[in-house]
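Trainee: I would like to learn how to read a model like this one. Can we go through it feature by feature?

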Amino acid sequence: RESDHRAWTPVTYTVTRQNATIQGLIQGKAYFFRIAAENIIGMGPFTETTKEILIRDPITVPDRPEDLEVKAVTKNSVTLTWNPPKYNGGADITMYVLESRLIGKDKFHKVTKEKMLDRKFTVEGLKEGDTYEFRVSACNIVGQGKPSFCTKPITCKDEIAPPTLDLDFRDKLIVRVGEAFSLTGRYSGKPAPKVTWLKDDTVVKEDDRIKIKTTPSTLCLGILKSVREDTGKYCVTVENSTGSRKGFCQVNVVDRPSPPVGPVIFDEVFKDHMVVSWKPPLDDGGSEITNYIIEKKDTHKDLWMPVTSATVKTTCKIPKLLEGREYQIRIYAENLYGISDPLISDEMKAKDRFRVPDAPEQPIIKDITKDSAVVVWNKPYDGGKPITNYIVEKKETMATRWVKATKDPIFPGTKFKVPDLLEGCQYEFRVSAENEIGVGDPSPPSKPIFARDPIAKPSPPVNPEAVDKTKNSVDLSWQPPRHDGNGKIIGYLIEFQKVGDEEWKQANLTADSCPETNYKVTGLTEGLTYKFRVKAVNAAGESDPAHVPDPVEVKDRLEPPELILDANMAREQHVKAGDTLRLSAVIKGVPFPKVTWKKEDHEVSPKADIEVTGVGSKLEIRNTVHEDGGMYSLTVENPAGSKTVSVKVVVLDKPGPPRNLNVSDVRSDSCYLTWMEPEDDGGSVITNYVVERKDVASAQWVAISSSSKKRSHMAKYLMEGTQYLFRVAAENQYGRGPYVETLKPIKAIDPLHPPGPPKNLHHVDVDKTEVSLVWNRPDRDGGAEITGYLVEYQEDGADEWTKFQTVPMLDCVVTGL
């Protein structure tokens with residue numbers, strides 16, 4: 001029976017053993033049991049349990065814990081988690097025992113004395129590089145249960161895993177102003193990554209509205225009551241030592257737009273309508289403006305009337321107005337998220353207020369040239385309508401008809417270059433303005449101008465100097481200005497100033513009184529020192545002054561001659577024959593020196609033109625010939641001294657004739673020519689010789705060599721027995737010189753030699769005063785027929801032979817002995 005019930009309930013009627021299993025009991029309830037024995041006579045008395053028995057499973061040690069996992073590993077620690085046993089042995093778990101074993105050892109060692117009921121523990125103080133395995137057991141009041149299955153061997157080292165990032169948001173997010181939004185996601189990585197939020201490349205900081213929450217595996221950025229300024233590109237970066245991952249989201253916080261930007265411009269106003277314009281809102285609310293709503297109101301009434309609610313332009317025509325009434329306009333901007341506050345205009349009366357533009361002021365003419373001028377004017381009042389064109393007209397001053405300067409529109413500039421003017425003609429110009437109403441009145445005509453290139457003031461004269469002086473005057477000289485300002489130089493103004501004074505005095509009153517580049521300033525006081533300056537003058541005015549470099553003391557002066565040589569007075573001057581020889585030098589000295597030109601210490605050739613001016617001298621010889629070359633000298637002399645310079649002049653010409661033409665080694669078909677170089681090579685190196693021959697019976701010379709650089713030549717291919725003349729000329733870079741010719745013809749024959757001695761000379765008869773001689777012909781005749789035999793005799797003992805006579809035959813009678 002249940003302990004709180006009084007009634008007994010039979011469990012079984014027949015049990016033959018001394019034990020029984022009672023089924024159907026309710027766990028957690030307490031029961032009493034009783035048992036009686038029965039035989040055939042009947043049932044004996046019951047025996048009852050002395051105390052109630054509480055129904056529950058028997059208590060044992062707990063089962064092994066489950067799912068032992070390694071959650072983190074570093075070089076000196078391991079973090080483990082596990083789940084409770086499936087069965088706790090019938091009693092609550094009182095503690096867990098975590099054990100470790102170093103791989104290679106046999107025994108497990110208890111890791112900690114703590115109870116570790118939260119089923120997570122980090123084992124610290126491990127040795128880097130060692131490998132361990134772990135197991136955990138559960139304990140209840142009975143004792144320690146079986147250990148869990150061991151972990152895999154775990155080596156102590158820092159775990160590395162690149163960051164991962166799993167976001168819950170898309171690339172774009174649109175949020176209404178005032179709403180909250182959040183950007184969330186999950187991440188992982190070993191070591192634990194650092195999480196950073198950026199907005200438009202700026203780190204996001206927490207405040208009353210912005211909240212950032214980061215757990216070991218989740219991240220979140222939340223913004224309460226969003227405002228337009230929260231719009232931007234958000235970026236979350238998850239980074240550890242192995243790398244980083246980024247996620248982006250373009251958040252657009254949208255709102256209705258701000259009001260259109262004023263003021264409202266009344267572009268056009270008429271008696272029955274107006275055209276107004278405005279500028280778009282500064283903030284479109286993050287969404288494109290889809291529409292403007294325009295309304296009008298008569299200022300005498302309180303009612304706003306719609307004009308249009310369907311335009312995206314920032315200009316609008318306001319129709320159906322009553323003339324003379326004043327109106328206000330208000331404009332709203334609209335986007336997908338609402339309508340802005342209105343922009344309200346000033347009051348404007350409906351009336352016509354436009355006319356043609358006013359006449360511009362008198363135009364100014366600039367940049368005048370011989371065929372063009374630039375007309376410049378100011379913009380006139382436009383009559384209420386924008387000016388669309390300017391009309392520029394021109395006319396010659398004496399004419400009556402105005403002509404348009406161009407058919408093309410001139411706008412928006414207020415200047416125009418008028419082309420096609422006639423040089424020297426005088427012109428006037430005027431300008432009219434045009435708007436859509438019409439063309440306004442023309443401006444007053446400009447001042448007349450002449451079409452010619454502008455004249456500017458000239459530049460200062462060049463190199464003014466005092467070239468001479470006396471006890472009461474100074475002679476000045478200068479060169480013209482480098483730039484005449486496009487106007488003719490009228491003349492020069494000369495001014496002088498006594499040293500110490502401040503005032504400059506004019507030496508001449510008008511520029512045309514000194515048209516040349518020199519002037520004698522007179523009326524000066526002897527012994528005083530003066531400064532001088534010169535100005536050039538053209539139609540545009542006076543140039544800046546050019547100053548004589550040094551003050552000049554007024555007194556008679558004596559200066560020794562000075563020669564300033566021109567480039568053609570270098571040590572050696574080469575001139576080509578036929579060209580003009582020019583020698584010149586600047587001469588100084590007071591009084592001006594006497595000038596003498598000489599050549600080789602003799603008078604120069606009468607054909608030389610010699611010119612002496614107040615500043616120098618020049619010698620010129622036209623059509624120079626070679627004989628004009630030589631040493632020229634220029635001597636200048638005055639009482640203070642003298643000076644001489646010399647220049648060697650080489651007239652480059654064709655060379656002279658070769659010298660000493662000689663013919664030798666004559667043969668029947670050749671001969672050998674030799675010669676010497678010309679005395680005069682024409683001032684240039686002999687480049688070659690030309691050799692020619694001529695049959696005396698022919699008028700034609702034939703070239704046998706035209707490029708010989710040697711001074712000899714073998715003339716070949718002669719005709720035996722023919723008589724020839726030869727000639728030779730020298731050439732240099734300036735041409736061929738005259739020929740030198742052989743004096744007499746050369747016959748082409750082999751050379752003759754004396755004959756051999758007669759043979760077998762003997763006497764055939766002797767008398768007291770004569771001897772008869774006989775001989776034979778010699779072995780060789782020397783290349784020519786023997787013409788005779790010379791007979792000589794000698795007294796015995798004498799030194800000299802005496803000629804007797806020449807005989808044609810092979811015998812002779814010598815008489816007179």
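Trainee: Which residues make the nonpolar surface patch of about 330 Å²?

Mentor: First, the ground rules. This is a predicted model: local features need pLDDT of at least 70, side-chain atom pairs count only at pLDDT 80 or more, and totals for chains, interfaces and linings use all residues. Residues are numbered from 1 along each chain as its sequence is written, and side-chain values use heavy atoms, with hydrogens and water left out.

Mentor: Now the patch. Patches are made of residues with over 30% relative accessible area and no salt bridge; like charges are joined within 9 Å, nonpolar side chains (Val, Leu, Ile, Met, Phe, Trp, Tyr) within 5 Å. A salt bridge is a side-chain nitrogen of Lys or Arg within 4 Å of a carboxyl oxygen of Asp or Glu. Areas come from the Shrake-Rupley method with a 1.4 Å probe; for residues, only the protein chains shown count as cover. Here the patch consists of Ile59, Val61, Ile141 and Val142.

Trainee: Why does isoleucine 59 count as partly exposed?

Mentor: Buried means under 20% relative accessible area, exposed over 50%, and partly exposed in between (1.4 Å probe, protein chains only). Isoleucine 59 has 33% relative accessibility, so it counts as partly exposed. Isoleucine 59 sits in the loop between strand 4 (53–54) and strand 5 (66–73).

Trainee: How many helices and strands does the protein have?

Mentor: Both are DSSP runs, numbered from the N terminus: helices are H or I, at least four residues; strands are E, at least two. The protein has 69 strands and 0 helices. Residues 163–252, one of the spans UniProt lists as "domain: Ig-like" (unreviewed entry), are 64% strand and 0% helix. Their end C-alpha atoms are 28 Å apart.

Trainee: What does serine 706 touch?

Mentor: Contact means heavy atoms within 4.5 Å. Leaving out residues up to four places away in sequence, serine 706 touches Asn688, Tyr689 and Val690. Serine 706 belongs to strand 59 (residues 702–708). Its C-alpha atom is 9.6 Å from that of valine 728, 22 residues apart along the chain.

Trainee: What radius of gyration does the protein have?

Mentor: The radius is taken over C-alpha atoms; the globule rule is 2.2 Å times the number of residues to the power 0.38. The protein has 69 Å, whereas a compact globule of 817 residues would be near 28 Å. Its C-alpha atoms fill a box of roughly 240 × 120 × 65 Å along the principal axes. Buried residues make up 37% of the 817.

Key: UniProt positions renumbered as here; feature names shortened; annotations may be inferred.
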